[in-house]
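Me: I would like to learn how to read the features of a protein model, taking them one at a time. Could you give me the general idea for each and then show me the case at hand?

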Amino acid sequence: MLDKLKVALQYCFPQHGLSRLVGWIAAAEAGKVTTAFIRWFIGKYQVNMSEALESAPEAYSSFNQFFTRPLKEGVRPLDENSHSLVHPVDGTVSQLGPIEEGRIFQAKGFHYTSTALLGGDPTTAEPFNQGDFATIYLAPRDYHRMHMPLDGTLKEMIYVPGKLFSVNPLTAENVPELFARNERVVAIFDTEIGPMAMVLVGATIVASIETVWAGTVTPPAGKQVFRWTYPAEGNEAVKLKRGEEMGRFKLGSTVVMLFGKDAINFNPELENGVVTRMGEAMASRK
């Protein structure tokens with residue numbers, strides 16, 4: 001009953017207004033108040049600050065600086081097999097598997113379409129038909145920068161407006177088409193193994209989503225889908241290496257990755273609930 005109430009309340013409260021308010025607070029530089037809140041957060045969620053480049057709470061002038069903290073050099077080494085795909089984030093596997101007839105499994109019998117996830121254009125989703133997907137949830141304690149699973153050249157970025165439901169496991173099991181309903185940023189790359197989409201899904205109190213090439217992407221004005229295309233070569237081309245940072249969440253959320261048909265084999269030990277660490281092997285190339 002309590003779980004149902006938690007989900008039902010998300011339909012009622014002003015998701016965007018609350019998230020923007022929290023974003024304003026998270027960006028505030030409030031001195032000792034900020035430091036005290038960061039200390040509380042570290043204790044509440046058991047954040048491992050020994051891995052952070054700056055381990056002292058006082059080192060961060062705002063909560064956003066703390067939440068998107070960089071890690072020490074070498075604490076997330078890339079898998080030694082340079083042909084493997086690496087995990088893009090610290091998190092927990094929510095689901096992974098085949099994209100069957102354009103449908104992606106969410107949880108408990110819920111599915112959503114790759115077309116809806118990527119912004120509604122079937123031609124954008126077509127290259128991923130009969131491919132594979134992986135959904136990774138980032139908890140509050142996790143490192144919140146996203147990295148590249150393999151080398152890629154950015155082809156298109158899409159901002160898709162939407163709701164801001166929580167993306168925790170409880171909500172994923174109870175809100176239909178959750179990841180295709182929430183606000184999100186889609187980055188589509190050309191890679192050596194074909195197309196790859198990295199979908200950065202917003203959530204309750206996620207103040208913004210950033211990419212390394214565009215800065216803060218959400219929220220732009222209006223409620224329409226925005227698309228940006230990028231050249232493959234030249235000064236405006238965006239080429240990122242395996243393991244290189246590609247974006248970050250200001251407060252946590254979920255990453256959904258899509259790959260084309262016959263592109264990858266996921267590591268056999270990966271399944272729902274497995275903890276991921278950025279840089280560890282996620283999949284091999286077919």
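Predicted model: local features only at pLDDT ≥ 70, side-chain atom pairs only at ≥ 80, totals over all residues.

Me: How many bridges join strand 10 to strand 14, and which residue is the bridge partner of Glu210?

Reply: Strand 10 (residues 208-211) is joined to strand 14 by 4 bridges, with the two running antiparallel, and Glu210 has Arg248 of strand 14 as its bridge partner. Strand 14 also pairs with strand 6 in the antiparallel sense, over 3 bridges, and there Met146 stands opposite Gly247 of strand 14.

Me: Is strand 14 mostly covered or mostly open?

Reply: Strand 14 is mostly covered, since 6 of its 6 residues are buried.

Me: How should I read a nonpolar core, and which residues have the most contacts inside the largest one?

Reply: In soluble globular proteins, nonpolar side chains tend to be buried together. The largest nonpolar core in this model has 35 residues, and those with the most contacts inside it are Phe189, Trp213, Met246, Val255 and Phe259. Among the elements that give two or more residues to this core are strand 8 (184-191), strand 14 (245-250) and strand 15 (254-259). Apart from this core lies another, of 22 residues, including Phe128, Val175, Ala180 and Ile188.

Me: With which residues is Met246 in contact, once its neighbours within four places in sequence are left aside?

Reply: Met246 is then in contact with residues including Met146, Met148, Phe189, Leu200, Trp213 and Leu240.

Me: Why is the pair of Trp40 and Tyr45 called edge-to-face?

Reply: To name an aromatic pair, one looks at the angle between the ring planes, and over 60 degrees counts as edge-to-face. The planes of Trp40 and Tyr45 are at 85°, with the ring centres 6.5 Å apart, so this pair is edge-to-face. The pair of Phe41 and Tyr45, by contrast, is tilted, with 45° between the planes and 4.7 Å from centre to centre.

Me: Where do Phe41 and Tyr45 lie, and is Phe41 buried or exposed?

Reply: Both Phe41 and Tyr45 belong to helix 3 (residues 32-45), where they are 4 residues apart, about one turn of the helix. Phe41 is buried, with a relative accessible area of 7%, whereas Tyr45 is partly exposed at 32%, and Trp40 is partly exposed at 46%.

Me: Which residues do ring pairs link into a cluster?

Reply: The cluster linked by ring pairs consists of Phe37, Trp40, Phe41, Tyr45, Tyr60, Phe63, Phe66 and Phe67. Over the ring of Phe66 sits the charged end of Arg69, 4.8 Å from the ring's centre.

Technical notes:
Residues numbered from 1 in each chain as written. Heavy atoms only, no water. Core = buried A, V, L, I, M, F, W, Y, C linked by side-chain atoms within 4.5 Å. Buried < 20%, exposed > 50% of the residue type's maximum accessible area, 1.4 Å probe, protein only. Contact = heavy atoms within 4.5 Å. Phe/Tyr/Trp six-rings, centres within 6.5 Å; stacked < 30°, edge-to-face > 60°. Lys NZ or Arg CZ within 6 Å of the ring centre and 35° of its normal. Pairing = 2+ DSSP bridges.
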